[in-house]
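Hi,

Here is the structure I promised to pass on. Have a look, and my notes follow below.

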Amino acid sequence: MSDGPRDLRDPSGSSAPGGPRALVLASASPARLGLLRQAGLDPRVVVSGVDEAAVTAPTPAELARVLAEAKATAVAGGGLLDGGELVVGCDSVLELDGEALGKPRDAAEATARWRSMRGRSGVLHTGHCVIDTATGRQVSRTASTTVRFGTPDDAEIAAYVASGEPLHVAGSFTLDGRSAPFVEGVEGSPGNVIGLSLPLLRLLLGELGVRITDLWAPRG
C-alpha cells in the first residue's frame, strides 16, 4: 500500500501574493521538475502516493494517461493545497512489443531490458493531466515519442545498470543521464522522453484558459 500525497515544498520558495497562479507538480521526478524550471516555471512539488502497480489499462498509451490522471487527482483532493492551484500529473511507460514497461524491479530486470532493447525502437508514452482546482476542470492526453536505441555491448550495459540510474526511470533509460550515449535518436518530443512534453502542457493549459507565459516565475 502506498502512502498518501506528500508535500515536498521548499520552505524558502513560494509564489508571492499577486504573482503567477500557483503550479503544483504531482511527481517526485527531478527530471520533470527540471524541465519545468528551465521553461521559466516554479512549481511546488506534492508527491501523489499513488500505487502505480494497482493501476491497469488496455494499452500502454492509455495506462500512461490513467496513471497521470490518478496522480493529479490524488494531489488535487489530498488536502495539502491552499486552493486555486493548477495541478500537473505525469507518468511515463515504454512500449516494447506491445508491453508497457515502467521502472524495472531490480538490476537483473534492467539488464534484461537493455539486452532486448538494443538495436531496436520503442515508443515512450507520457500521460499528462492538468486539473484547475479553482474550477474543477480537468484535461488529459498522452504524448508518444519513438526512441531508437543504440547497441551498447554487455560490458556497457553492466556498467550502466551498476550506476543505479536505470532503476529509477521508466523503461530503464533516460535522455538526460548516463544512457544518453546509448540512444541514437527520437521521433517526437525529446522532453516527453525525459518526463514531460512542454508543447503538450502548453496545449492542455490553453484548454483550461491559461497561457503558459502567465505562469512564468518573476526573474530574481
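The largest pocket holds about 890 Å³ of space. By pocket I mean an open set of points on a 1 Å grid over the protein atoms alone, where a 1.4 Å probe fits, with protein on both sides within 12 Å along at least five of seven lines; lining residues have an atom within 4 Å of a point. The volume is the space filled by probe spheres set on the points, joined across faces, edges and corners. Of its 36 lining residues, Glu 52, Asp 91, Lys 103, His 168 and Ala 170 sit closest to the centre. The lining splits into 18 nonpolar, 10 polar and 8 charged (Ala, Val, Leu, Ile, Met, Phe, Trp, Tyr, Cys and Pro are nonpolar; Asp, Glu, Lys and Arg charged; the others, Gly among them, polar).

This is a predicted model: local features need pLDDT of at least 70, side-chain atom pairs count only at 80 or more, and totals for chains, interfaces and linings use all residues. Numbering runs from 1 along each chain as its sequence is written, and side-chain values use heavy atoms, without hydrogens and water.

Mean pLDDT (the predictor's confidence per residue, 0 to 100) is 93 for the protein chain, with 93% of residues at 70 or more. Residues 11-17 stay under 50, with 2 contacts beyond four places in sequence (heavy atoms within 4.5 Å).

Cheers
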